[in-house]
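Please keep the sequence and the model in view while reading.

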Amino acid sequence: MYGDTLLTTMDNPYNPFTQFSQWFLYDEGMGYHTCGLIARIARTSDAFSDKENEEEFKRACNEVIKTDFTNKYITLNRNKKFDIKEINRLYKEANKATA
């Protein structure tokens, strides 16, 4: 996990910062495999500084969101309140736009 930003799906009711095990089980159970997706896209390295790896992780998250035609992925920030109601509202809005 890098810094204060994580990628998740709008339908996952668990907070990946504080409920990672439940978040991960839900994500894998739904077949999203978000951790594996980020691992394939992010070009991180032990040779990079923590800041460089964090920036690459954020770039990979943004790449997933940019290419996600289902509109299910979002980023969460550790410093912002986790609001499942707001995430559900955004999810419904996104699904209306694609319907």
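His 33 counts as partly exposed because its relative accessibility is 37%, where buried means under 20% relative accessible area, exposed over 50% and partly exposed in between (1.4 Å probe, protein chains only). His 33 sits in the loop between α1 and α2 (34–41), and its phi is near 55°, a positive value in a residue other than glycine.

The model is a predicted one, in which local features need pLDDT of at least 70 and side-chain atom pairs count only at pLDDT 80 or more, while totals for chains, interfaces and linings use all residues. Residues are numbered from 1 along each chain as its sequence is written, and side-chain values use heavy atoms, with hydrogens and water left out.

**Overall fold**

- The protein chain has four helices and two strands, which follow one another from the N terminus as β-α-α-α-β-α; helices (H or I, at least four residues) and strands (E, at least two) are DSSP runs, numbered from the N terminus.
- Of the 99 residues in the protein chain, 30% are buried.
- The protein chain exposes about 6,500 Å², of which carbon and sulfur atoms supply 52%; accessible areas come from the Shrake-Rupley method with a 1.4 Å probe, and for residues only the protein chains shown count as cover.
- Among contacts (heavy atoms within 4.5 Å) between residues at least 6 apart in sequence, 54% join residues at least 24 apart.

**The strands**

- Strand β1 is mostly covered, with five of its five residues buried.
- In a regular strand the side chains alternate between the two faces of the sheet.
- Both faces of β1 are covered, with Thr 5, Leu 7 and Thr 9 buried on one side and Leu 6 and Thr 8 buried on the other.
- β1 and strand β2 (residues 73–77) run antiparallel and are joined by five bridges, where two strands pair if DSSP finds at least two bridges between them.
- Asn 71, in the loop between α3 and β2, has a phi near 60°, a positive value in a residue other than glycine, and is partly exposed at 29% relative accessibility.

**Aromatic residues and the nonpolar patch**

- There are three aromatic pairs in the structure, where rings of Phe, Tyr and Trp (its six-membered ring) pair if their centres lie within 6.5 Å, and planes under 30 degrees apart count as stacked, over 60 as edge-to-face and the rest as tilted.
- One of them is the edge-to-face pair of Tyr 14 and Tyr 26, at 6.4 Å centre to centre and 65° between the planes.
- Tyr 14 lies in the loop between β1 (5–9) and α1 while Tyr 26 lies in helix α1, so this pair ties together parts that are 12 residues apart in sequence.
- The pair of Phe 20 and Phe 24 is stacked, because the ring centres are 5.9 Å apart and the planes are at 25°; the two residues both lie in helix α1, four residues apart, about one turn of the helix.
- Phe 20, Trp 23 and Phe 24 form one aromatic cluster.
- Phe 20, Phe 24 and Leu 25 form a nonpolar patch on the surface, with about 290 Å² of accessible area together; patches are made of residues with over 30% relative accessible area and no salt bridge, like charges being joined within 9 Å and nonpolar side chains (Val, Leu, Ile, Met, Phe, Trp, Tyr) within 5 Å.
- Leu 25, placed in helix α1 (residues 20–29), counts as exposed because its relative accessibility is 61%.

- A search of the whole structure finds four salt bridges, each a side-chain nitrogen of Lys or Arg within 4 Å of a carboxyl oxygen of Asp or Glu.
- Lys 58 and Glu 54 meet through their side chains in one of these bridges (3.5 Å, N to O), and both lie in helix α3, four residues apart, about one turn of the helix.
- Arg 59 and Glu 56 form a salt bridge at 2.6 Å, N to O; Arg 59 is partly exposed, with a relative accessible area of 28%, whereas Glu 56 counts as buried at 12% relative accessibility.
- Glu 63 and Lys 66 also meet in a salt bridge (3.6 Å, N to O), in which Glu 63 is partly exposed at 27% relative accessible area and Lys 66 counts as exposed at 65%.
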